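Trainee: Before I use these labels, I want to see what each one rests on. Can we go through them against their cut-offs?

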Amino acid sequence: MVHDGVKALSRDRLFWVEQNYLRASTLILANARLVDFHTHLALVRAWGGGELASADGLRFITPIRTLNSGPNPKYFGARRLGTTFYNFLSDQFSGLHGILIPGTQRDSFHILDGLMEQETSLRPTEITSDTHGASEMVFGLFRLLGYQFSPRLADAGSATLYRVDPTADYGPLNPLTRERINLKQITANWDDVLRVAGSLHSGTIKASEVMRDLAPGGRPTPTGKAIMEIGRLDRSAYLSTYFADELLRRRVNTQLNRQESRHNLARKIFHGQKGELRAAYREGQEDALGALGLMLNIVVLWNTVYMQRIIEEMRAEGHHVRDEDIARLTPLKFAHVNFHGRYSFALPAEVEGGQLRATRKPADTTATI
């Protein structure tokens with residue numbers, strides 16, 4: 001990237017920028033600026049209102065000796081170690097936050113951390129994840145904090161539903177609701193439950209730390225059991241809706257599919273050094289993955305801006321562009337992005353003048369960014 005003829009790209013200048021600006025705090029602020037600009041684009045509103053988000057983990061092998069990694073044969077192979085980039089995506093395709101998890105700790109420990117730590121202007125109220133991000137404890141904490149947890153559960157058909165009133169008639173769900181909620185466990189520990197919720201809401205303690213304290217060694221404390229009872233009740237209500245509401249299932253699947261598409265783009269961007277994470281210390285790993293999250297949002301923003309421009313031009317030319325087709329577009333395409341070779345930072349004249357680059361017709365040569 002060094003270009004001696006451009007002052008901003010001299011070796012000393014790039015080294016100074018890398019040392020002073022590429023760190024977690026500045027990357028978070030830069031990411032928030034990108035998301036805030038992106039959410040105000042007209043095209044983005046066709047994809048979602050920002051109330052829904054998803055959380056999923058992207059695994060990276062760490063081929064060097066580091067304390068901040070762990071084994072998992074399923075993801076890293078029999079003798080290799082790795083880390084997880086647990087990242088959060090809004091229904092507008094913008095990345096909200098990312099958390100570095102050593103090894104493959106349970107994702108459910110960190111799902112609330114990302115929701116409460118993210119610093120963008122979006123405030124999602126509903127979070128979806130795959131089965132590995134779900135637990136009764138997570139359901140309970142989500143409900144206490146006023147969020148809706150909407151996971152895609154692999155074993156939803158065999159899940160146990162709980163009831164409070166033993167005489168209530170739930171129709172075809174009666175055979176599934178044989179277990180009862182232990183209300184005494186909740187009421188006996190209600191004050192402590194409220195203290196936990198207040199501590200999380202104020203940021204006094206992280207959710208991942210709370211979950212370890214509530215179930216040390218996998219054995220829940222009395223307060224942990226009370227929160228799990230609340231979670232069982234909330235999960236039962238959610239699954240009752242999930243069974244009957246096809247639109248809910250489709251919304252959850254669509255959002256998680258978007259997250260998978262984002263991970264495909266992330267793999268393409270993070271191609272250097274075989275796509276492995278080679279920083280030895282946590283800070284270096286966080287900086288690398290924070291930069292990856294920023295680049296993902298840059299690509300999404302660039303694509304959105306030019307997709308919106310193309311739609312406007314098509315409509316001006318008399319083409320009928322249906323709103324339902326626009327809602328199915330994705331800014332996660334990358335065939336036009338130059339990942340390899342030389343990177344050019346020379347701006348076209350129209351961009352230097354504050355305008356967008358001229359778009360090309362389908363018959364024209366594909367442009368690269």
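Mentor: What follows sets each label beside its definition.

Mentor: This is a predicted model, in which local features need pLDDT of at least 70, side-chain atom pairs count only at pLDDT 80 or more, and totals for chains, interfaces and linings use all residues. Residues are numbered from 1 along each chain as its sequence is written, and side-chain values use heavy atoms, with hydrogens and water left out.

Trainee: What makes up the secondary structure of the protein chain?

Mentor: The chain has 13 helices and eight strands. Helices (H or I, at least four residues) and strands (E, at least two) are DSSP runs, numbered from the N terminus. The C-alpha trace spans about 75 × 55 × 40 Å along its principal axes.

Trainee: What does Trp47 touch?

Mentor: Contact means heavy atoms within 4.5 Å. Leaving out residues up to four places away in sequence, the partners of Trp47 include His38, Asp91, Phe93, Arg258, Met307 and Pro331.

Trainee: And Gln118: buried or exposed?

Mentor: The relative accessibility of Gln118 is 7%, so Gln118 counts as buried. Gln118 is in the loop between helix H4 (111-117) and strand E5 (126-129). Not counting residues up to four places away in sequence, Gln118 touches Leu96, His97, Arg123 and Pro124.

Trainee: How do you know that the pair links distant parts of the chain?

Mentor: Phe139 is in helix H5 (residues 136-145) and Tyr238 is in helix H9 (residues 222-244), 99 residues apart. Both Phe139 and Tyr238 are buried. Ring pairs also join Phe139, Phe142, Tyr147, Phe149, Tyr238 and Tyr242 into a cluster.

Trainee: What makes H5 and H9 parallel, perpendicular or oblique?

Mentor: Axes are lines fitted to C-alpha atoms, for helices over the stretch in contact, and angles run from 0 to 180 degrees between N-to-C directions. Angles under 35 degrees count as roughly parallel, over 145 as roughly antiparallel, 65 to 115 as roughly perpendicular and the rest as oblique. H5 and H9 pack at about 85°, with their axes 6 Å apart. H5 and H9 are therefore roughly perpendicular. Among the residues that meet are Phe139, Gly140 and Leu144 in H5 and Ile227, Gly231 and Tyr238 in H9.

Trainee: How do H5 and H7 cross?

Mentor: The axes of H5 and helix H7 (residues 190-202) come within 10 Å and cross at roughly 75°. That makes H5 roughly perpendicular to H7. On the H5 side, Leu141, Leu144 and Leu145 meet H7 residues including Trp190, Val193 and Leu200.

Trainee: What makes a nonpolar core, and which residues touch the most other members of the largest one?

Mentor: A nonpolar core is a set of buried Ala, Val, Leu, Ile, Met, Phe, Trp, Tyr and Cys residues joined through side-chain atoms within 4.5 Å. The largest has 45 residues, and Ile111, Leu112, Leu141 and Phe142 touch the most other members. H9 gives this core its largest share, seven residues. Another core, of 32 residues, lies apart from it and includes Leu100, Ala266, Val300 and Val305.

Trainee: How do you know that the charged end of Arg59 sits over the ring of Tyr75?

Mentor: A charge sits over a ring if NZ of Lys or CZ of Arg is within 6 Å of the ring centre and within 35 degrees of the ring normal. The charged end of Arg59 is 4.3 Å from the centre of the Tyr75 ring. Arg267 sits likewise over the ring of Phe60, 4.8 Å from its centre.

Notes:
Buried < 20%, exposed > 50% of the residue type's maximum accessible area, 1.4 Å probe, protein only. Phe/Tyr/Trp six-rings, centres within 6.5 Å; stacked < 30°, edge-to-face > 60°.
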